[in-house]
Structures are given as structure tokens and as C-alpha cells.
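Colleague: Hi! Could you walk me through this protein, in plain words please?
Modeller: Happy to, let's open it up.

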Amino acid sequence: MSHWKDTSSLTPLRATGFAVSMALMAGTFLAPHAVLAQSTPVSNSSIRSSTAPAAAAVEDEGDIPETPAGTMSPADNAAPAATAAPIAAADQKPSDETTGAILDEDMIRLNTREAPLDERLPARKPEPNPAAEETPGIRIGTFVLRPTVTQSINTETQKDAGIKKKRGFLETDLHATLTSDWALHQLTVTTDGAWQKNVSGEGEEQPDFRIDGDLRLDLPEDTTAHIIGGYHFYREDTDDPNAIQNADQQSDVQEFSTGASIERDFGILRGSTAIDVSRTIYSDATLSDGTTVSLADRNETSGTIRGRIGYELSPALIPFIEGNVGKTVYDESIDSAGFRRSGDSYGAKVGVELDLGEKLRGEVGVGYQTATFDDDRLSDIDAAVVDAQLFWSPLRGTDVNIGLLTSINPSTTAGESGYVSHALTTGVTHQLRDNLTGTVLGGIIYRDYPSDSPTSDETVYTTSAGLTWNINRYLDMTSTIGYELTSRKTSSDSEQWRAGVGLKLKH
């Protein structure tokens with residue numbers, strides 16, 4: 001008789017089933033009646049599912065003596081139970097005794113379970129950077145105040161018509177936001193200010209202060225209203241076309257503004273209307289010999305009404321059409337040069353609003369604008385309008401701001417009606433490191449005078465760069481450098497260089 005060979009492919013589980021099969025074959029020869037009494041065949045799977053005591057019971061049946069015909073032996077009574085036991089056990093999970101206490105049902109399977117292909121580890125969140133986080137602010141009732149004060153030391157060099165001036169000055173900048181914490185509606189007040197003090201050289205100080213408020217009202221039926229108001233104080237720039245030539249100190253300008261707007265959604269249509277009113281007051285200018293020049297004839301009040309309707313192709317794309325009508329009234333109907341400068345303005349444009357989330361948002365529009373004057377000696381000013389304001393983030397940590405603005409600027413120079421300003425501005429902010437941010441700004445302003453104007457066209461180029469180092473959550477170190485060039489066709493150019501370093505305290 002040949003012998004079975006033990007190979008490495010015979011697993012402990014298969015070896016157990018083989019031993020049970022040999023025991024059953026031996027029982028067949030020793031106890032034929034017990035085998036014939038089993039009407040249901042026993043499969044290998046049932047054998048694998050049976051327990052060791054059950055197999056031993058079958059082997060013991062060979063020792064029972066044979067009984068006469070017609071008499072049921074104890075083995076006959078045990079046969080149905082022995083047959084049912086493997087069948088019932090086949091539907092049960094293999095026990096630890098059969099599989100060796102460590103093996104599980106995966107060893108019986110040929111196609112074991114594997115991890116899904118799309119299973120990935122959760123994205124690692126960037127570690128929080130306390131230096132770049134927003135300050136908690138100061139709680140004032142239901143408002144939160146976030147003030148910022150920057151103290152810097154600067155140097156400036158100006159060159160105009162062959163005259164060069166250089167000065168060193170201290171500048172204190174203030175920025176603060178006051179925001180309500182209401183469940184409905186919101187009030188936001190923003191304040192910006194700059195105060196300069198010369199410490200060396202000569203040059204004109206440029207104070208500036210602005211405060212703006214915006215009350216948003218959340219009304220029923222997808223309606224939102226805004227009530228705004230503001231005040232702006234600044235000193236007129238020497239390079240301004242309306243500035244007094246050879247003045248030691250230009251006029252101080254005060255601007256008051258107020259307005260209201262309402263916007264409502266009508267399904268796929270969006271409609272809005274607004275009214276804005278502004279008041280401008282000029283102080284006297286001081287000449288080099290100490291005398292003053294009154295500029296009261298430049299004081300004026302202007303108002304504008306505008307309306308817009310848009311069609312929502314999708315939440316990210318809304319074409320619109322907009323129109324506006326305005327009127328300007330001067331305090332003195334006839335200025336010091338004998339001209340009546342009050343007048344009207346009209347404009348219209350079409351465009352599209354974009355909102356692609358953080359990557360790209362803003363609006364672009366083209367149209368037409370015109371301004372007329374009460375005095376027939378002043379020619380009308382009209383221009384094609386191209387306006388755009390886009391915010392683009394090409395990659396994380398980089399923000400790009402692109403602006404286009406076309407505007408009509410009336411003049412107060414004798415015989416001059418004004419000019420059209422075409423301005424292009426760009427700004428790029430990039431996070432070089434977690435606590436270091438770089439900023440680059442640039443702009444071009446083209447002042448286009450009418451063909452019959454005695455003043456020639458001019459172009460202003462500006463560029464600047466700065467670094468901000470977040471020392472901690474409440475303190476930054478800043479550095480800036482900038483350059484401005486005003487190019488004129490018929491007169492000499494003017495240049496300005498400025499650089500400075502400072503510390504910014506935040507709360």
C-alpha cells in the first residue's frame with residue numbers, strides 16, 4: 001500500500017479534513033448499516049465545519065455490534081442527528097478551534113479583501129500661524145474694534161522743473177475697523193489716517209484722514225439695503241492739475257458724502273438702484289511770499305442717481321446694464337475767472353459680474369460718459385468708458401488685484417473744462433514665508449484733455465514695493481520703497497522717490 005506524502009502545500013486546515021475523511025472510510029467497512037442509514041451525503045465543506053468531538057463519535061460506531069433485522073439499533077437513532085449536525089454547522093462561521101485560534105475566514109477565501117483604491121489619508125491641515133492670524137480685537141458692547149497703529153521714519157526726494165527738495169519725516173498711520181456682531185443687519189465703520197512731521201530738509205507735509213460707515217439692512221424677500229456716509233480730509237497734491245503753482249502749502253480739502261442703495265433678486269433677475277450725494281470744501285492756499293489765495297469758488301455739491309439690472313446666467317456669471325445721471329452745483333454760480341461751471345453728467349455701460357470663488361471675482365464693463373457745463377465757452381467732455389475690478393488668486397498665498405477706471409474730472413483753471421482720466425492699477429501680494437509677505441504695486445494714469453484745451457496731456461507712472469514681517473500676532477515690521485514720475489508733453493517732468501521703515505502695532 002502506498003503512503004501519503006506530507007508536502008508543504010497541505011495546510012493544517014486541509015490536513016484536518018483529510019484525517020476526518022480517512023476515519024469515515026474506516027467506519028464504512030466496520031459499520032455498513034450505519035453508513036446506509038445516512039440518506040444525506042456529507043460534503044467536504046460540511047466536514048471542515050464539523051467539530052473534532054463529532055468526528056470521534058462516528059469512529060466509535062464501528063464497535064457497536066450488529067442487531068437483527070427489524071430492530072433499530074442505537075446507531076440508527078443517532079444517524080439522523082449525526083447527519084443534521086454537519087448540515088447545520090455548514091451555515092455557521094468556522095470556529096477558532098478549527099482554524100487554529102489565529103486564522104480567520106480570509107484564509108478560506110481565494111479573493112481576500114483589499115483596501116479600496118480611493119482610500120487616502122486625510123489631507124494634512126496647515127499648522128496654525130499665530131503671527132498671521134487676525135487679532136481678537138476689543139469688544140465694545142455688540143461691536144468689535146480692531147485698531148492698528150504704524151510708526152515709521154521716511155525719506156523723500158522731489159524734483160520738479162529743475163528744483164530738487166529732500167526731506168526726512170516721521171509718519172503715524174492709523175487704521176481701525178468697528179464691526180457689529182448682530183444676528184441681523186450689520187454696521188461697519190472704517191477709519192484711516194496719516195499724520196506727518198518733518199524732521200529734516202524741506203517739503204510739504206501730507207496729512208490725510210478718512211472715515212466711512214456702511215449700514216447693511218437685511219430686508220424680506222431677498223432685498224438688501226445700504227446706508228452709507230463718510231468724511232475725507234486731505235491736502236491737495238502739488239502734482240494735481242488744479243493745484244496752485246509755486247504755493248508753499250496747497251489747499252486743505254474736506255469731502256462729505258452720503259448715500260443709499262437697495263438691491264433685490266427677482267428670480268433670475270437682479271435689480272439695484274442707488275443715490276449718492278457729496279459736498280467738497282476747499283480752504284485757502286498759502287503762497288511762497290506768505291499771502292493766501294481763496295479757493296471758495298471751487299466749493300460744490302454733486303449728486304448722482306444710478307440703476308442696474310442683471311440677468312443671472314449662473315451664480316458665477318451675471319451680465320448687467322447700468323445707467324447714471326448726475327448734477328453738479330457750485331456755491332458761486334460764477335467763479336473768479338468769470339465761468340459758470342455747474343453742469344450735468346450722463347452715462348451708461350454694459351458688463352458682466354464674475355464670481356468663481358477664491359480664484360477669480362469682480363466685474364468688467366464698457367460704456368459711454370459725458371459731462372456738460374452751463375457756460376457755453378466750456379466744451380463738453382465725453383469719453384468711452386472701460387471699467388474693471390478683478391481679484392485673482394493664481395495659487396495659494398498669492399493675490400492679484402487689477403483695476404481699470406475711466407472718469408471725467410472737471411477743472412477750475414480759467415478757460416479749461418476738464419480732462420478724462422484713464423487709470424490702470426495693479427497689485428500683487430505674495431506670502432514668501434509663513435511670517436513674511438511681499439507686496440508690489442504699480443499704476444498708470446493718463447490725463448486726456450480736449451483737443452482745444454491749452455493744457456497738454458500728461459501721464460503719471462507709479463510703482464512701489466514693500467515687505468511685512470510678522471514678528472508676532474500683535475507686532476509687524478514694515479519696509480517700503482516707491483517711485484512716481486509725471487510726464488508732460490509741453491512742460492518739464494516731475495519725479496518723487498520715497499522709502500521708509502516702521503513698526504505696526506495691532507490689537
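Predicted model: local features only at pLDDT ≥ 70, side-chain atom pairs only at ≥ 80, totals over all residues.

Colleague: Thanks! Which strand pairs with β22 over 12 bridges?
Modeller: That is strand β21 (residues 475-488), and the two pair in the antiparallel sense. Strands here are DSSP runs of E with at least two residues, helices are runs of H or I with at least four residues, and both are numbered from the N terminus. Two strands pair if DSSP finds at least two bridges between them.

Colleague: Which strand does β22 share 13 bridges with?
Modeller: Strand β2 (residues 143-160), which runs antiparallel to strand β22 (residues 494-506). There, Ser152 stands opposite Gly502 in β22.

Colleague: Where do side chains point in a regular strand?
Modeller: They alternate between the two faces of the sheet.

Colleague: What is the strand order in the open sheet of 3 strands?
Modeller: The order is β7-β10-β11, with antiparallel pairing. Its edge strands are β7 (247-249) and β11 (292-293), each pairing on one side only. Strand β7 is joined by 2 bridges to strand β10 (residues 285-287), and Gln249 has Thr286 in β10 as its bridge partner.

Colleague: How many helices and strands does the protein have?
Modeller: There are 6 helices and 22 strands.

Colleague: Changing topic: how many salt bridges are there?
Modeller: The count is 23, where a salt bridge is a side-chain nitrogen of Lys or Arg within 4 Å of a carboxyl oxygen of Asp or Glu. One of them joins Arg139 and Asp181, with the closest N and O atoms 3.3 Å apart.

Colleague: Why does that pair tie together parts that are apart in sequence?
Modeller: Because Arg139 lies in strand β1 (residues 138-140) and Asp181 in the loop between β3 (163-180) and β4 (186-201), the pair connects parts that are 42 residues apart in sequence.

Colleague: Which residue does Arg308 meet in a salt bridge?
Modeller: Arg308 meets Glu363, at 3.1 Å from N to O. This pair links distant parts of the chain, with Arg308 in strand β12 (residues 300-311) and Glu363 in strand β15 (residues 360-373), 55 residues apart. Arg308 counts as buried at 16% relative accessibility, whereas Glu363 counts as partly exposed at 25%. Salt bridges that share partners join Arg308, Glu322, Glu353 and Glu363 into one network.

Colleague: Nice. How many aromatic pairs are there?
Modeller: There are 4. Rings of Phe, Tyr and Trp (its six-membered ring) pair if their centres lie within 6.5 Å; planes under 30 degrees apart are stacked, over 60 edge-to-face, and the rest tilted. Tyr419 and Tyr449 form a tilted pair, 5.1 Å centre to centre with 40° between the planes. Both Tyr419 and Tyr449 are buried.

Colleague: How are the rings of Tyr483 and Trp497 arranged?
Modeller: Their centres are 4.5 Å apart and their planes are at 45°, so this pair is tilted. Tyr483 is in strand β21 and Trp497 in strand β22, 14 residues apart. Tyr483 counts as partly exposed at 22% relative accessibility, and Trp497 is partly exposed with a relative accessible area of 45%.

Colleague: Last one: which residue lies over the face of Tyr282?
Modeller: Arg298 does, at 4.0 Å from the ring centre. A charge sits over a ring if NZ of Lys or CZ of Arg is within 6 Å of the ring centre and within 35 degrees of the ring normal. Arg361 also lies over a ring face, that of Phe391, at 4.8 Å from the ring centre.

Note on methods: Residues numbered from 1 in each chain as written. Heavy atoms only, no water. Buried < 20%, exposed > 50% of the residue type's maximum accessible area, 1.4 Å probe, protein only.
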